[in-house]
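Subject: Structure for your review

Dear colleague,

Please find below the sequence and structure that I am handing over to you. My findings follow directly after them.

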Amino acid sequence: MRKNVLKGIEHKKRKETSVFSIIIVALLLLYCLTLVILFSWAIIASFKNPLLDFEINKVGLPKEWIFDNYLTAYNEFYVEAPVSDGTTAIFGMPMLFLYGFLYAFGCAFAATLIPCLVGYVTAKFQFKFSKLIYLIVIVTMIVPIVGNLPAEIAMAKSLNLYDQIWGMWIMKANFLGIYFIVFYNFFRSQPDAYIEAAKIDGSSNFRTMVQIMLPMAMPLFFTVMLINFISFWNDYQVPLIYLPGHPTIAVAMATIKDSAYPQSMRNIPSKIAAAMLMLVPVLVLFLAFHKKLLGNLTMGGIKG
Amino acid sequence: MRQQKIHAKDVIFYVVMLAFPIAQFCLFYIGVNGRSFLYAFQNIEIVQEGGILSRRVTYSIQPLVDAFEDLTTSESLQMLLMSIVSFLLTYFIGTSLALFFSYFIYKKLPLGSMFKVFLFLPSILSAIVMATIFRFFVDEAIPAMQNEWFHETVTSMLADKATRYGVVIFYHILISFGTSVLMYSNAMSGVSTEIVEAAKIDGCGQFGEFFHIMLPSIFPTITTFAITSVAAIFTNQISLFAIYGNSAPVETRTLGYFLYVRTLASANKEPEYPVLCAMGLIISSVAIPLTLLTKYLLEKYGPSED
């Protein structure tokens, strides 16, 4: 009798376990399938002749696989933007990529370097001000301030940072946010013995930081910089406001997706081809460094 | 370096290293928010005096009054409602799914690595590219499929009033898993294996392990995400700008979308800044206590690891 009861419990447990797992797997498969269908359709559409094929065959395989849409996207994808003399200029894809790269690389470097340096200094120099900086970061992460964008635009204009790519680097060079906590915890976990040994050998604070401590943080620095780069490369809302005369590729994509201009980019396959070209740098980075990107950036609760 | 004595060269190094970050913080956090506060009480007029354009500033509570009127129109109240409904839908559906998915990845079950890559992919792909592809698919491919397979002529689900909000929410949840799944699954990996083993010996199945061990153990991480989500109620655009640009259907608009589009249109019109900043001040005065209250309640009444 007891055996039967135990068997029943065991059976029920196994059944419960399998049902729970099956539901999650089913949901995950559905999720993956949605993305696969979405991107497969887009890739296939980008190889169709816009008029002779796509307009009459929106779902099936192309009658003839053509690369013209990619050539059109590369050669004729452009936006008009205001330049310093008050007129407008045309920015083609190479320029859009260049501005996108300068914006993303510079902002990513600034937004990684500053939290790293401030994280190091506050973790290793336990002055009262270090505790204040830590508290400031926590408070600014919790307290939501809404609607300060106009004041930020005004500040950027008054400091001559508005519509300057280097201006954006300065604006993004802040230590607020989760990456300060990540670097702070990293440096806190490193033994002080390294610094003390370097000091005995006559090393200055700066040399100790540059030659001993920062190299230890390089893998973490690289991961954070990579995440930041991807995020800034994809960002279109901030440059849309702050860089009207320096359109990035993401801004151009946002402008052209709903626009009837340029005329050669009016059709959907060409617009999708342009979108695919924009994905290339990020996909290359992801394929090369996906293990780093999916690594161990953990975040606990916010205390304070 | 936990120091007994403070050396002058340490102080000099400390000050030099922090000089730029602190100056940047003073300008772009304290300065910007201070200026935003001041704007909320300013009336700015651009006047022509002797053929020269000049800026005339006077102080009053008029921007706050105007902002309050703007925020209490039926259209704004509808946007507030949509902000709250969108938060509830995306947070509860998105977080529940993210936790289930994270548990699956944490358990290292078959195909876990593949699922992890797929879940993370929308986070690294450009939002504008994702939205463009999604929109063209919904606008072009789905009606074509329905026509071809079911001989039905239908309008796009992003254009149909009955379906467009649901489709926007579906898309927003679809692209939202990357960071949360990564953080939750990493947090689950940090749970002591001894606790998990002990629960297994006591007859706890996967379902029980998830609800009674994992959820309480990673509650600080869940709390962090909950606090940031509540803080974002009034700024969340639910991908409306990425999908529709600045012409999203009125009944789907959130306050975050409204504020962004209006700021974008006013970027070069300083006289419009005071009302926008006053709106921000009013919304912040609701958002800040709400966020702190959420933090307090979650910490006081949330499950504990014990």
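I begin with helix α13 (residues 273-301) of chain B, which has 29 residues and reaches 41 Å from its first C-alpha to its last. That is close to the 42 Å expected at 1.5 Å a residue, the expected span being 1.5 Å times one less than the number of residues. Helices (H or I, at least four residues) and strands (E, at least two) are DSSP runs, numbered from the N terminus. A kink of about 25° is centred on S284(B) in α13(B); the bend at a residue is the angle between axes fitted to the seven residues ending there and the seven starting there.

Please note that this is a predicted model, in which local features need pLDDT of at least 70, side-chain atom pairs count only at pLDDT 80 or more, and totals for chains, interfaces and linings use all residues. Residues are numbered from 1 along each chain as its sequence is written, while chains are lettered from A and ligands numbered from 1 in the order in which they are written.

Confidence

The predictor gives the complex an ipTM of 0.85 and a pTM of 0.87. For chain B the average pLDDT (the predictor's confidence in each residue, from 0 to 100) is 89, and 98% of the residues score at least 70. Chain A has a mean pLDDT of 87, with 90% of its residues at 70 or more. Over residues 299-304 of chain A, pLDDT stays under 50.

Chain B

Chain B has 13 helices and two strands. Its domain assignment (bounds come from an automatic or database assignment) gives domain 1 (8-59) and domain 2 (73-265). The C-alpha centres of these two domains of chain B lie 37 Å apart. The radius of gyration of chain B is 25 Å, whereas a compact globule of 306 residues would have one near 19 Å; the radius is taken over C-alpha atoms, and the globule rule is 2.2 Å times the number of residues to the power 0.38.

Chain A

In chain A there are 14 helices and two strands. The domain assignment of chain A gives domain 1 (2-46) and domain 2 (75-293), and 38 Å separate their centres, taken over C-alpha atoms. Four residues of domain 1 of chain A are in contact (C-beta atoms, placed from the backbone, within 7 Å) with five residues of domain 2 of chain A. The C-alpha atoms of chain A fill a box of roughly 90 × 75 × 40 Å along the principal axes.

The interface

Between the chains, 87 residues of chain B are in contact with 76 residues of chain A. Helix α1 (residues 8-39) of chain B gives the most to the side of chain B that touches chain A, with 18 residues. The residues of that side divide into 56 nonpolar, 22 polar and nine charged. Here Ala, Val, Leu, Ile, Met, Phe, Trp, Tyr, Cys and Pro count as nonpolar, Asp, Glu, Lys and Arg as charged, and the others, Gly among them, as polar.

Yours sincerely

Conventions
Two residues are in contact if their C-beta atoms, placed from the backbone, lie within 7 Å.
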